[in-house]
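Visitor: I am new to this structure. Could you show me how to read it, feature by feature?
Guide: Gladly. Here it is.

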Amino acid sequence: NDLFKQLPNANEMAWYVAKGDVHWDNSTQWVVYGTTHTGGIWLKRLSVIAQENGKTLADLKDDLPTISNSSRPSPISGKPADSEIGNYFFLPALGYYLNGQLYVLGSGGSYWSSSVDPSNSEFAYFLNFTSDYVLMESVFRDNGCIAQPFE
């Protein structure tokens, strides 16, 4: 599917977790299903992460940052400073679907990567976040994570 080719791969997702300077924002408004919501994260753009770490964008696609598999950084509360906001992009907390039910809309987000788990092709990597943590892990591919290019 062409959409999934546009998504960040697992290595890029890991860079967002490790070096994305994640901020939880409960004030920026967004609309879904005709209703206004708040809640989401600001992440540094991959180009900024690459520059700050002496890497190219291609390096981020191919290299994993040094993080532990159990890394679950806590987002900083609030938006990045106005003087820095251009280095970031916003991901709304669009929740996820499981068995036809929408969960955690406005308080959490789950976004697919383009990468299948090499140890089990029924699983794929995704970025998962709430106001308490951000992580990348693999999950059964029938889960309803958001499939949307970002940055």
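Visitor: Let me start with one side chain. Is Glu 52 buried, partly exposed or exposed?

Guide: First, a caution: this is a predicted model. Now the idea. Exposure is read from relative accessible area, and buried means under 20%, exposed over 50%, partly exposed in between. Glu 52 has a relative accessible area of 48%, so it is partly exposed.

Visitor: Which residue does Glu 52 meet in a salt bridge?

Guide: The general idea comes first. Side chains of opposite charge can pair when their charged atoms come close. Here the side chain of Glu 52 meets that of Lys 44, at 2.7 Å from N to O. Lys 44 has 13% relative accessibility, so it counts as buried.

Visitor: How many salt bridges does a search of the whole structure find?

Guide: The search finds 4. Another one links Lys 55 with Asp 63, where the closest N and O atoms are 3.6 Å apart. Lys 55 is partly exposed, because its relative accessible area is 31%. Asp 63 counts as partly exposed too, at 27%.

Visitor: What about Lys 5: which residue is its salt-bridge partner?

Guide: Asp 2 is the partner, with the closest N and O atoms 3.7 Å apart. Look at the spacing. Lys 5 and Asp 2 sit 3 residues apart in helix 1 (residues 2–5), so about one helical turn separates them. Both Lys 5 and Asp 2 are exposed.

Visitor: Now the strands. In which sense do strand 1 and strand 2 pair?

Guide: Pairing is read from the bridges between two strands. Strand 1 (residues 23–32) and strand 2 (residues 35–44) are antiparallel, over 7 bridges.

Visitor: How many bridges join strand 1 to strand 3?

Guide: There are 2 bridges, and strand 1 and strand 3 (residues 76–77) run parallel. His 23 stands opposite Ile 76 in strand 3. So strand 1 has an antiparallel pairing with strand 2 and a parallel one with strand 3, as strands pair through their bridges.

Visitor: And how do side chains sit along a strand?

Guide: In a regular strand the side chains alternate between the two faces of the sheet.

Visitor: You mentioned a positive phi. What is the phi of Asn 99?

Guide: The phi of Asn 99 is positive, about 55 degrees, although Asn 99 is not a glycine. Check where it sits. Asn 99 lies in the loop between strand 5 (96–98) and strand 6 (101–103). Its relative accessibility is 77%, so Asn 99 counts as exposed.

Visitor: Where is Val 104 placed?

Guide: Val 104 is in the loop between strand 6 and strand 7 (108–116). Val 104 also has a positive phi of about 55 degrees, and it is not a glycine. At 40% relative accessibility, Val 104 counts as partly exposed.

Visitor: Let me try a residue in a strand. Is Asn 128 buried or exposed?

Guide: Asn 128 lies in strand 8 (residues 123–130). Its relative accessible area is 11%, so Asn 128 is buried.

Visitor: Which residues does Asn 128 touch, beyond those up to four places away in sequence?

Guide: Asn 128 touches Gly 109, Ser 110, Tyr 133, Val 134 and Leu 135. With Tyr 133 there is a polar contact, side chain to side chain, at 2.9 Å. Asn 128 and Gly 108 are 20 residues apart in sequence and 7.4 Å apart in space, C-alpha to C-alpha.

Visitor: Let me step back. How many helices and strands does the protein chain have?

Guide: The chain has 4 helices and 9 strands. Along the sequence they follow the pattern α-α-β-β-α-α-β-β-β-β-β-β-β.

Visitor: What is the radius of gyration of the protein chain?

Guide: It is 15 Å. A compact globule with 151 residues would have a value near 15 Å, so the chain agrees with that. The C-alpha trace spans about 40 × 40 × 30 Å along its principal axes.

Visitor: What share of the residues counts as buried?

Guide: Of the 151 residues, 44% do. Contacts give another view. Among those with a separation of 6 or more, 62% come from residues 24 or more positions apart. Last, the accessible surface comes to about 8000 Å², and 46% of it belongs to carbon and sulfur atoms.

Definitions and conventions: Residues are numbered from 1 along each chain as its sequence is written. This is a predicted model: local features need pLDDT of at least 70, side-chain atom pairs count only at pLDDT 80 or more; totals for chains, interfaces and linings use all residues. Side-chain values use heavy atoms; hydrogens and water are left out. Buried means under 20% relative accessible area, exposed over 50%, partly exposed in between (1.4 Å probe, protein chains only). Contact means heavy atoms within 4.5 Å. A polar contact is a pair of N or O atoms within 3.5 Å; within protein, one must be able to donate a hydrogen and the other to accept it, and residues adjacent in sequence count only if both atoms are side-chain atoms. The radius of gyration is taken over C-alpha atoms; the globule rule is 2.2 Å times the number of residues to the power 0.38. Accessible areas come from the Shrake-Rupley method with a 1.4 Å probe; for residues, only the protein chains shown count as cover.
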